[in-house]
Amino acid sequence: MPAQIFVNPRLSPAEDSLERAAPGVVDAAGFARACAEIKAWPGYQPTSLRCLDGLAEKLGVGRIFYKDESTRFGLGAFKAVGGAYAVLRHLQDRLGGDVTLADLLAGKYRDRTKDITVSTATDGNHGKSVAWGAKLFGCRAVIYIHAGVSVGRESAIAAFGAEMRRIPDNYDASVRACAADAAKNGWQVISDTTWDGYQEIPRHVMHGYGVMMDEVMAQLPAHEDVTHVFIQAGVGGLPAAVAGYLWLELDALRPKIVVVEPEKAACHFVSAQAGKPTAVTGKLDTLMAGLACGEVSPLAWTLLDKASFAFMTVPDDAAVFAMKALAAGNGADAKVVGGEAGVGGLAGLIAAAVDPAARATLLLNRNSKVLVIGSEGATDPVLYARLVGQTPEEVMAA
């Protein structure tokens with residue numbers, strides 16, 4: 001099935017403020033605090049913003065800027081700045097007083113944090129971030145995964161000392177199991193999705209993601225105004241953070257946000273068509289396992305419903321094509337390792353750029369300057385090598 005596109009009839013006018021259109025989702029103060037905290041973590045380095053001019057020429061657009069999150073804190077994915085930041089904020093709130101990042105890193109409160117348990121359900125990267133954050137800041141983590149999560153991803157999370165629990169069903173079932181066990185045992189759920197009465201921690205996660213956009217704004221070449229952002233969605237925290245940051249930063253000059261999903265797990269696409277949060281059911285058995293979510297995060301949806309120019313779906317083979325295109329390089333472009341979920345936005349851009357009708361619908365042309373978030377590297381190296389035909393090491397060596 002080819003890519004499908006739905007142009008959002010509820011997109012807020014350019015003159016609308018974020019506060020008026022989607023109040024209480026993200027804010028400038030939240031982004032500023034997250035940036036200050038995360039940039040003080042051990043090993044912090046901005047990730048690269050790669051200019052893929054060769055690929056842009058092939059696709060008939062002006063520029064492609066690829067934010068490469070494959071090196072983020074050595075975890076291979078953008079979620080290092082979301083889940084771990086929410087763990088930090090929870091511990092600071094739980095311990096009270098003026099507990100600082102330096103205190104937690106030094107183990108000053110280890111006698112108390114060791115008895116605190118955080119938990120989450122994950123397709124892979126968010127759980128790894130929560131487990132890493134728990135280890136970094138001195139608490140315990142229990143991580144729930146579903147039937148579609150590979151053994152490689154499970155092992156990568158467990159390496160940070162987390163207790164792993166696999167649910168023989170889909171992602172949404174693992175979310176429910178995690179929430180039930182946490183309520184019974186007095187654990188704190190660190191989720192990137194929201195539900196009634198649970199919004200503050202997912203808001204911390206989204207504010208943590210803002211670090212990427214803070215870096216992007218500093219890395220963009222002078223006088224290069226981005227016209228489009230193609231951004232993949234799971235439950236919606238990443239695109240909502242990106243859209244919210246750009247709305248606050250650029251206001252009426254903000255770019256067109258195109259939310260991209262696997263055709264087998266397109267909860268935002270069907271929600272956009274319905275005009276309200278709408279679940280998709282079934283196995284959600286997409287190759288892009290990190291995006292295999294059947295229900296939108298209600299808080300993120302509040303923003304995306306007003307901020308998104310369009311929603312689109314892509315088949316799994318579009319993601320594989322994008323992975324191979326990055327690995328091959330185009331002209332002088334660097335060869336890049338992009339994971340199957342991390343290239344969702346790029347897969348959407350490629351699918352749209354080669355289709356004349358889609359180009360017209362999304363207003364893509366040779367003057368378009370497109371930002372894509374490469375949200376993960378080869379977080380499952382065995383799967384990556386099978387799909388691309390080269391190991392991550394071989395791609396990087398070339």
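Colleague: What are the ground rules for the numbers?

Modeller: The model is predicted, so local features need pLDDT of at least 70 and side-chain atom pairs count only at pLDDT 80 or more, while totals for chains, interfaces and linings use all residues. Residues are numbered from 1 along each chain as its sequence is written, and side-chain values use heavy atoms, with hydrogens and water left out.

Colleague: Why is H4 called oblique to H7?

Modeller: Helices here are DSSP runs of H or I with at least four residues, strands are E runs of at least two, and both are numbered from the N terminus. H4 (residues 83-95) and H7 (residues 125-137) pack at an angle of about 40 degrees, with axes 7 Å apart. That makes H4 oblique to H7. The cut-offs are under 35 degrees for roughly parallel, over 145 for roughly antiparallel and 65 to 115 for roughly perpendicular, with the rest oblique. Axes are lines fitted to C-alpha atoms, for helices over the stretch in contact, and angles run from 0 to 180 degrees between N-to-C directions.

Colleague: Is the crossing of H4 and H7 left-handed or right-handed?

Modeller: Right-handed. That term applies if the near helix is turned clockwise from the far one by less than a right angle, and left-handed if anticlockwise.

Colleague: Which residues of H4 and H7 meet?

Modeller: From H4, Gly 83, Ala 84, Val 87, Leu 88 and Leu 91. From H7, His 126, Ser 129, Val 130, Trp 132, Gly 133, Ala 134 and Phe 137. By class, this contact has eight nonpolar, four polar and no charged residues. Ala, Val, Leu, Ile, Met, Phe, Trp, Tyr, Cys and Pro count as nonpolar, Asp, Glu, Lys and Arg as charged, and the others, Gly among them, as polar. Contact means heavy atoms within 4.5 Å.

Colleague: What makes H4 mostly covered?

Modeller: 11 of its 13 residues are buried. Buried means under 20% relative accessible area, exposed means over 50%, and partly exposed lies in between, with a 1.4 Å probe and protein chains only. Among the buried residues of H4 are Tyr 85, Arg 89, His 90 and Gln 92.

Colleague: Why is His 126 called buried?

Modeller: Its relative accessible area is 2%, and the limit is under 20%. So His 126 is buried. His 126 sits in H7. Beyond four places in sequence, its contacts include Lys 79, Gly 83, Thr 120, Asp 192 and Val 205.

Colleague: Why is Val 142 called buried?

Modeller: Its relative accessible area is 0%, so Val 142 counts as buried. Val 142 belongs to strand S5 (residues 140-146). Its contacts beyond four places in sequence include Thr 117, Glu 163, Arg 165 and Trp 187. Val 142 and Glu 163 are 21 residues apart along the chain, yet their C-alpha atoms are separated by 4.7 Å.

Colleague: Why is Gly 152 called partly exposed?

Modeller: Gly 152 has 34% relative accessibility, so partly exposed is the term. Gly 152 is in helix H8 (residues 151-158).

Colleague: What makes H11 oblique to H13?

Modeller: The axes of H11 and H13 (residues 298-307) come within 9 Å and cross at roughly 55 degrees. That makes H11 oblique to H13. Their crossing is left-handed. Gly 237, Pro 239, Ala 240, Ala 243, Gly 244 and Trp 247 in H11 meet Ala 300, Leu 303, Leu 304, Lys 306 and Ala 307 in H13. This contact has eight nonpolar, two polar and one charged residues.

Colleague: What is the phi of Asp 251?

Modeller: A positive value of about 55 degrees, although Asp 251 is not a glycine. Most residues other than glycine have a negative phi. At 38% relative accessible area, Asp 251 is partly exposed.

Colleague: Where does Leu 363 lie?

Modeller: In the loop between helix H16 (356-362) and strand S11 (369-374). Leu 363 counts as partly exposed because its relative accessibility is 44%.
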